[in-house]
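User: I am new to this structure and would like to learn how to read its features step by step. Could you guide me through them?

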Amino acid sequence: MKWLLSAGVAAALVLQPALAEDFFGEHPLTPRARDAFVSDLLKKMTVDEKIGQLRLITVGPDNPKEAIRDMIEKGQVGAIFNTVTRPDIRAMQDQVMSLSRLKIPLFFAFDVIHGQRTVFPISLGLASTFNPETVRVAGRISAYEAADDGLNMTWAPMVDISRDPRWGRVSEGFGEDTYLTSIMGRAMVESMQGKSPADRYSVMTSVKHYAAYGAVEGGKEYNTVDMSPQRLFNDYMPPYKAALDAGSGAVMVGLNSLNGTPASANPWLLKDILRKRWGFTGITVSDHGAIKELINHGVAKDPKDAVRVALTSGINMSMSDEYYSKYLPGLIKSGDVSMAELDDAARHVLNVKYDMGLFNDPYRHLGPKQSDPENTFAESRLHREEARSVARESLVLLKNRLHTLPLKKNGTIAVIGPLADSQRDMMGSWSGAGVIAQTVTVLQGIRNVAGDSAKIIYAKGANVSNHKGIVDFLNLYEKAIQVDSRPAQTMIDEAVAAARGADVVVAVVGEAQGMAHEASSRTSIGIPQSQRDLIKALKATGKPLVLVLMNGRPLSLVEENSQADALLETWFAGTEGGNAIADVLFGDYNPSGKLPVSFPRSVGQIPVYYSHLNTGRPYNPEHPNKYTSRYFDEANGPLYPFGYGLSYTTFSVSDVTLSAPTLRRGASLTASVTVSNTGDRPGATAVQLYLQDVTASMSRPVKMLRAFKKVTLAPGASQTVRFPIDENALKFWNAQMKYAAEPGAFNVFIGLDSARVKQASFTLQ
Ligand code: BGC
């Protein structure tokens, strides 16, 4: 037998040769070999050992290392999350090998959402690239670094469609659009899992949060979701399905209820749809503490009942609660949970461990001890160049009056704002195992890029917020924001003095990262008042004002939009964010990002999303009519539409040409436009194709993104962009829940955002 084992395992094998002989080795990574291996293993396992496999726990006050050692010895734990260094992971896997009866390896998981050691832009920023190849770079490096730290699984990608920016977790997903999110989610799964999650530098993904968590009522965290089956399957389900079709080995189940049934207690979601209809064979993992929460949801009467409901509904692994281990033995004894149900759940867990290659080598992602990095946090372990290049592509230029940008690398530049020099905020939420001190702020980036040729002066100007309740909220678990104790007016005066002495003002404003996170829902989505006061004072100086926005959700920016000469949306751009932002500010990189979410004018307009239905009385701004679908007290439509983003050059798009006026089933037609760079510098832009089913058996959205392509053009150059369209692009779930393309007229729209488009039409026969 050829051993692929590290020194740690080899030592353990000496102790248990008989067991090891038929256990670890080169098992072919095929479903057939896996099923035979796992069936055999299940036969050797006690009920308690099977239950142990279903437990996913984290080291912490509830489970100190000594307690975990004890659990490992007794076979009471299947996987660990939140342990992220090779030495720590190795210590636990060593305990499995030396202490446990069956030596079933643990797997190790972590939230690697947009980076592990190197932090990339938050997912909204990744989506803004409108470039799946760029997202693959972020995914591949994140997986590489995670696997290099010994991890086997990531709780990503998060593909919840979210159309309510009050929800803080908008930051974690790829935005409002079903197609864009599906493409980006797939890119993440494929790039993170690589050819196989068993590869040395790949990790298994866990797509989340199944299902429709992004539609929580009122954008309030953990709230109820209630929606029609048509909306669920047309808009919210496709991204999960796309991630599974791409091979994601795991699914994390949402904390929300869906149409009255909590997702973790929903056999229709977890069995009928996921397993039977979609053919999923990996594991389902409950979200943090979700099983206990079934009692609060009102679908389980006590902890034991919660366990019964969750397991029989199809939750394989329980994250972070002790209920499975406490109550499953009794439930099996009483027959309330059958042995077959327990076996089924344990089998799924063992299957994914097999797929991760852990039965070939439990140290798969650890390598030999001697290869451990001397310093886990070493600078040399980062991928700065890639982080900078991905971050540059994620930036969205929203406004650029009179060519305020790019800035010149001379004169005096005042860099102002509470976020201008904040390393913590630049990393965004769920920043993996990134190190704050390794992150480049906007101020540092401007200094790096401008060099000695420009004078840079800095003033904080304001605290993120002056609201004590908000500051306390943000600093609850960590000293996340530094509060300057000077009076607000003193800080503003200092900033105004800096602005007066400068040629241009760059104000870095928006949200602290903790404002756009799990459990960070907001009732207002504006820039906090302290910063708005600062912007107003800066505006009054009359100096050109560039607002660099840092935020994890669409903000309402009507006033700031009118105050700013230039607006650059940077989300939370990660480790190299400051350098990337400076590259764009100084024109070393021409921005090409596009918004993956519509920016509403106010909270009152929410939801604002481009792919809405037309209604019977659509509002037409050119012929306003009282009895139309509108708000009368504010301009209608978004401040910035989905897909929008400027460049330092200009582009034109020709009329749309169709290869045929009709589309036959089974065939395809091509829609094309010629895009030209009409400005004076090279640039890139995402060309977007939208479709509309004009008349169908039910109302269909006014537009649906169905394809996009990023093109890079030299000044004066043109390129013809061709998009094939076939019947599949026209299919939807109709009122009878039949998935089909209906014959009739379709509009094709092509443009550089969702609002300004060229149009053509064809008929499906
Ligand atoms: C979040 C998940 C996350 C998990 C583990 C939960 O609170 O909802 O998205 O993966 O914690 O960190």
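User: Which domains does the domain assignment of the protein chain give?

Analyst: This is a predicted model, and its protein chain is assigned domain 1 (2-17 + 26-104 + 204-364), domain 2 (388-605) and domain 3 (651-764). The centres of domain 1 and domain 2, taken over C-alpha atoms, are separated by 40 Å, and their contact draws 6 residues from domain 1 and 4 residues from domain 2.

User: How should I read the area buried between domain 1 and domain 2?

Analyst: As a general idea, the size of an interface is often expressed as the accessible area that is lost when the parts come together. In this case, the area buried between domain 1 and domain 2 is about 350 Å², with carbon and sulfur atoms giving 45% of it. On the side of domain 1 that touches domain 2, the residues divide into 3 nonpolar, 1 polar and 2 charged.

User: Turning to the ligand, which residues surround it?

Analyst: The residues around the ligand include Phe81, Asp111, Trp155, Met252, Asp287 and Glu518, along with Arg169, Lys208 and His209. Sorted by class, the shell holds 5 nonpolar, 2 polar and 5 charged residues.

User: What distances separate ligand oxygen atoms from the side chains of Arg169, Lys208 and His209?

Analyst: An N or O atom in the side chain of Arg169 is 2.7 Å from an oxygen atom of the ligand, while for the side chain of Lys208 the corresponding distance is 2.9 Å and for that of His209 it is 2.6 Å. Taken alone, the ligand exposes 310 Å², and the protein buries 93% of that.

Terms used. Residues numbered from 1 in each chain as written. Predicted model: local features only at pLDDT ≥ 70, side-chain atom pairs only at ≥ 80, totals over all residues. Heavy atoms only, no water. Near = heavy atom within 4 Å. Polar contact = N/O pair within 3.5 Å; in protein donor to acceptor, adjacent residues only side chain to side chain. Areas by Shrake-Rupley, 256 points an atom, 1.4 Å probe, with all protein chains shown as cover. Nonpolar A, V, L, I, M, F, W, Y, C, P; charged D, E, K, R; others polar. Domains from an automatic or database assignment. Contact = heavy atoms within 4.5 Å. Buried area = accessible area lost by both parts, 1.4 Å probe.
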